[in-house]
Amino acid sequence: MDGPVKVAARGYRLIPAAPTLRPSMLFGGAPGRSAWPFHAPDVRYFYLARNAVWLAARELGLDGQEVLVPAYHHGVEVEALLDAGAMVRFYRVGPRWDADLEDAERRITPRTRALYLTHYAGFPGPIAEARALADRRGLALIEDCALSLLSSDGEFPLGSTGDVAVFCLYKTLPVPNGGALVQNSGRRFDWPELKSAPRLSTLSLVASSVLQNLELRGGWSGRALRSAARALGSGVVRGAGVTRVPVGTRHFTRMHVGLGASRLTRRLVGAQ
């Protein structure tokens, strides 16, 4: 089967699964914070969005309590909830990504404490109805915007309605890592102090992204440059003993839960 490089060589245009970095982006202008959630009054940045899910579950007191989660999901957010001690109950999602909140309400028990709503692929879910249901039944509303950064429902940005909202930055923006958590309820959480992201791991991810960009845009010369750089870089990484903290993996790992987004991620976000 032809890979993306061979297809690109024939003149087709490609959209990669994740945004890649052009070298010029590393030297962007002054950072700004004009879009939600970056100008939200209470926003914190994590290395991975799943870490924000885990910490939000702990701060919301969901240990030993039930959370209603859509039956169509990535999986890693469910792992984060379970690892935080929550008990997950699934509610129906229709064939057009339509969250069935009537089914969710039927599944509420005396132990249910939160409703989890996912906005799929940038399209808004029934957030107003979910907010009304959560308020009516005394539940916290967790808004999953991992694939919906910069999307809105009419005038309202996605992630501005739930008690907490979680965003994955690197699925939309060309950053090496990063998740954001917005706290909208006014309740103050006792967030732990996050550790700085490993610098060498971040630089390794940045280098991979830049090289992938050159490969996609540079034709034969880009492919040759990436191949040579990868061979050289692999030896350097092994020799330096660098352990990359991966992004985009399928499973939750608690050992990384205390990592914050890198400074470079914050700068790249502001410069876009």
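Mentor: Contact here means heavy atoms within 4.5 Å. The model is predicted, with local features needing pLDDT of at least 70 and side-chain atom pairs pLDDT 80 or more, while totals for chains, interfaces and linings use all residues. Numbering runs from 1 along each chain as its sequence is written, and side-chain values use heavy atoms, without hydrogens or water.

Start at Gly85, in the loop that joins α3 (76-83) to β3; helices (H or I, at least four residues) and strands (E, at least two) are DSSP runs, numbered from the N terminus. Leaving aside residues up to four places away in sequence, Gly85 touches Leu62, Asp63, Gly64 and Gln65. The C-alpha atoms of Gly85 and Arg58 are 8.0 Å apart, although 27 residues separate them in sequence. Gly85 has a relative accessibility of 23% and counts as partly exposed (buried is under 20% relative accessible area, exposed over 50%, partly exposed in between; 1.4 Å probe, protein chains only).

Together, β2, α3 and β3 build a right-handed β-α-β unit (clockwise from first strand over helix to second, strands pointing away from the viewer).

Helix α3 also holds Asp83, whose partner Arg254 sits in the loop between α7 (219-240) and α8 (263-271), 171 residues apart. The two form a salt bridge, with the closest N and O atoms 2.7 Å apart (Lys or Arg side-chain nitrogen within 4 Å of an Asp or Glu carboxyl oxygen). Asp83 is partly exposed at a relative accessible area of 28%, and Arg254 is also partly exposed, at 45%. Nine salt bridges are found in the whole structure.

Strand β4 (residues 112-118) runs parallel to β5 and is joined to it by five bridges, with Leu117 having Glu143 as its bridge partner in β5. Between β4 and β5 the chain passes through helix α5 (residues 127-137), in a right-handed β-α-β crossover. On the other pairing, β5 and strand β8 (residues 164-168) are parallel over three bridges, and Glu143 stands opposite Ala165 of β8.

How enclosed is β5 (residues 140-144)? All five of its five residues are buried, so the strand is largely enclosed by the rest of the structure. In a regular strand, side chains alternate between the two faces of the sheet. In β5, Ala140, Ile142 and Asp144 point one way, and Leu141 and Glu143 the other.

Helix α5 contributes to two charged pairs. Arg137 forms a salt bridge with Glu105, the closest N and O atoms being 3.2 Å apart. Because Arg137 is in α5 and Glu105 in helix α4, this pair ties together parts 32 residues apart in sequence. Arg137, with 38% relative accessible area, is partly exposed, as is Glu105 at 26%.

The other pair is Asp163 with Arg131, again a salt bridge, whose closest N and O atoms are 3.2 Å apart. Asp163 lies in the loop between β7 (156-157) and β8, and Arg131 in α5, so parts 32 residues apart in sequence are tied together. Here Asp163 counts as buried at 15% relative accessibility, and Arg131 as buried at 16%. Elsewhere, Asp103, Arg106 and Arg107 are linked in a network of salt bridges.

Notes. Pairing = 2+ DSSP bridges.
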